[in-house]
Amino acid sequence: MSLPLPLVEVEGTPGECGVAYGVAARSMIAANTANYLERFAATGLDRPAVRRAGTLFRAASRQHAPRIAEMLDGVAEGAGVPVEEIYALNGRTELLYRNTECTSIGVLDARTASGHTILAQNWDWHPAQRPYTLLLATRDERGSAVLTLTEAGMLAKTGFNDAGLGVCVNLLTSDRDGRPGGVPYHVLLRAVLEQRVLGSALRVACSTPRSASINMLLGQAFAAGVPGEIIDVEVAPGDVGVLNPVDGVITHANHFEALPTVHDTLRDFGSASFFRSARARRLLGSGVLAEKDLQSVLADHGGYPQSICRHDVDALTDEDRSESLYAVVLDLDERRMSIAAGPPCQADTYHEIRLSGLFA
């Protein structure tokens, strides 16, 4: 199949999957770790400090998400990277200056031309991260399969599983971030994707201790004849907010919309996030939506260059640089991901990958 980035497929127990992933993406993981060590150093975190943070992230992960920790330990072993640095890599959101990123969309089956439940998003991040991005497909010893876009050495970002459960993700920032004892942002995402039913995914999202704020747009396609469901969950350390669909649609950017009890730090300096989510809702309109309509929204230039389709042309410093690196559409009924290299306005095509075509 033709894909715009590498695909790694692994099977086995969590530990076996982790080792196989580490071996398969060894050079990418080593390069990405070195890249983030430089980013950490630029913010004043030397290597010993990074490893100390990684040790704490590992302890929290082993306590609250042991199967995910087993997989990450395997990644470190397979890639030949110190385990503390792998956990720090997965905690990059907690450790780094936090730029805004991503616009997400969820559409219920009653609003889609296909009759399917669909999630979509742009992943906006520093353009230097593009070479370290891959697709990770895993199937564990119980037969559960996950497909996710991620950064080399991490276990999840946007993705879905064979139970038709999917997640899109948006960075949030609050005055509660930095509390000790939480699992890393990307470990929590993987723990959610390991769940088989939406209620269990919500329980994991809400009950797992965290040190950073995160928005998760969750959806699940159910059995034939049973309408699917989408729900948005804003989680900050110590609190949770929920958004349900309005007219069959949910959109979200990088500011809190459902959790007034925390101070959203974007209020301190402003952000294009304040219009991106509402603009996406307006652009979706009130009619039946085809996938091309969602792709059109992801390519929108209203407010350019700080638009839904983000362009790397106006950053004041290198660390402020941001671009829509990939656009992703998840058809949860078909267990299909369509992905385009960004910025999505320049994408000639979306490349399709289905869980049914993996692990041959």
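Start with everything selected and colour by burial: 61% of the chain's 360 residues count as buried, buried being under 20% relative accessible area, exposed over 50% and partly exposed in between, with a 1.4 Å probe and protein chains only. Bear in mind that this is a predicted model, where local features need pLDDT of at least 70, side-chain atom pairs count only at pLDDT 80 or more, and totals for chains, interfaces and linings use all residues. Residues are numbered from 1 along each chain as its sequence is written, and side-chain values use heavy atoms, with hydrogens and water left out.

Now zoom out. Along the principal axes, the C-alpha atoms fill a box of roughly 55 × 50 × 40 Å.

Next, go to cartoon. The chain has ten helices and 14 strands; these are DSSP runs numbered from the N terminus, helices being H or I with at least four residues and strands E with at least two.

Pick out the open sheet of six strands, in the order 11-2-3-12-13-14, with antiparallel pairing (two strands pair if DSSP finds at least two bridges between them). Which strands stand at the edges? Select 249-252 and 351-354: strand 11 and strand 14 each have a single partner strand, so one side of each is left without a neighbour in the sheet. Neighbouring strands here are turned by 15° against each other on average, direction ignored; the axes are lines fitted to C-alpha atoms, and angles run from 0 to 180 degrees between N-to-C directions.

Select 336-341 next. This is strand 13, which pairs with strand 14 over four bridges, and five of its six residues are buried. Show Ile 339 and you'll find His 351 of strand 14 opposite, while Met 337 has Ile 353 as its bridge partner.

Last stop: residues 323-331, strand 12, joined to strand 13 by six antiparallel bridges. Tyr 326 stands opposite Ala 341. Four residues lie between the strands of this hairpin, where Arg 335 takes a positive phi near 50°.
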